[in-house]
Amino acid sequence: MRCSTRVHLGPLLFIIYVNDVCNVSNLLLSIMYADDTAVLLSGKSLNDLLDILNTELDLLCNWLQSNKLSLNTQKTFFLLFHRTRIKDTNIVITMNGYAINRVNSLKYLGVIIDQKLNWIEHIAYVRNKISKGIGIMFKARAVLDKKSLMNLYYSYIYPYLIYCIEVWGTAFKTHLDPLFLVQKKIVRIITFSQFLAHTEPIFIDLSILPLHKLILNRIGIAMYKFANNLLPDVINSLYSRNSDVHSYSTRSSDLLRIPRGTLNFTNVSARVWNVLVLKMDIHVSLPKFKIHLKRYLLHNTLELKYTK
């Protein structure tokens, strides 16, 4: 009997080859995934930001030339994140003499990121994907029972819902509502319910979390991993506890401090964890925590306190 093992070294060797690109600049934050690389730079002044960025991109171009790599300008774009209106529309960013095109949104690793970070385009993308499943499940229920339709939901619909939902799920409720309506249509199809049937008891009966509770569920799991040091340091650095600020022994000393600013993943996740610490037993294994959290969310409403 002879056994043979094939080792595909191509992807590994490529990762080793480009691994040091993140050391080119001390100012640019590099995010690398295979041959798809993004660099981030923040600043308070747009003009200063552009000057620094063009200078740092020259260093990146030098690295590409030194490593005998070429830049695909057709697939290279830049996205300017901002909240307020920018008066100067003459924004020029160049790499190796080529002007980089500006876009208002782009798809990166399966998530559509827009310049306002309101996630409207990505939510519409997910809604369009799972809407196609409505017709499939409606026709399938003529030959499948409820259990099989549930399997179809978790294999076809559910992956689209949970992918990066911890981040885009913090969008405004008005942006999420169209997606929730599609989810309600699907659970009605699974249970052969009427078109306008009340869905709250249906979700409980199927043990399926509605969208807003699914968001809290995924955030709660992520925060459990944070509390148990199961996340990368870059995520851990986003949070601080009250005990890090003062040494007084109080009931809230182990709670997370709420970051200032608008609602985003860091802000909402800190609020979610502070509520879960008081409502649930968090000193359990991850599988048990997932079971307890889902059970709690199915039958309870998690009220987050928002203050200015």
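**Entry 1: Ala270**

I started with Ala270 and found it in helix α10, which covers residues 265-279. A reminder to myself: this is a predicted model. Is Ala270 buried or exposed? Its relative accessibility is 0%, and buried means under 20%, so Ala270 counts as buried. I then looked up its contacts, leaving aside neighbours within four places in sequence: Ala270 touches Tyr239, Leu256, Arg257, Ile258 and Pro259. For Pro259 I also checked the C-alpha separation from Ala270, which is 8.0 Å, with the two residues 11 apart along the chain.

**Entry 2: α3 and α6**

Next I turned to a helix pair. Helix α3 (residues 120-140) packs with helix α6 (residues 173-190) at an angle of about 15 degrees, and their axes lie 9 Å apart. Angles under 35 degrees count as roughly parallel, so α3 is roughly parallel to α6. I noted the crossing of α3 and α6 as left-handed. Which residues of α3 meet α6? On the α3 side I listed Ile120, Ile123, Val126, Arg127, Ile130, Ser131, Ile134, Met137 and Phe138. They meet His175, Leu176, Pro178, Leu179, Val182, Lys185, Ile186, Ile189 and Ile190 of α6. I sorted the residues of this contact into 14 nonpolar, 2 polar and 2 charged.

**Entry 3: β1 and β2**

Last, I looked at the strands. β1 (residues 29-33) pairs with β2 (residues 36-40) in the antiparallel sense, over 5 bridges. Where does Ser30 find its bridge partner? I traced it to Val39 in β2. The two strands, β1 and β2, form a hairpin with 2 residues between them. In that turn, I jotted down a positive phi of about 55 degrees for Ala34.

How values were computed
Residues numbered from 1 in each chain as written. Predicted model: local features only at pLDDT ≥ 70, side-chain atom pairs only at ≥ 80, totals over all residues. Heavy atoms only, no water. Pairing = 2+ DSSP bridges. Helix = DSSP H or I, 4+ residues; strand = E, 2+ residues; numbered from the N terminus. Axes fitted to C-alpha atoms, helices over the stretch in contact; angles between N-to-C directions. Parallel < 35°, antiparallel > 145°, perpendicular 65-115°, else oblique. Left-handed = near helix turned anticlockwise from the far one by under 90°. Contact = heavy atoms within 4.5 Å. Nonpolar A, V, L, I, M, F, W, Y, C, P; charged D, E, K, R; others polar. Buried < 20%, exposed > 50% of the residue type's maximum accessible area, 1.4 Å probe, protein only.
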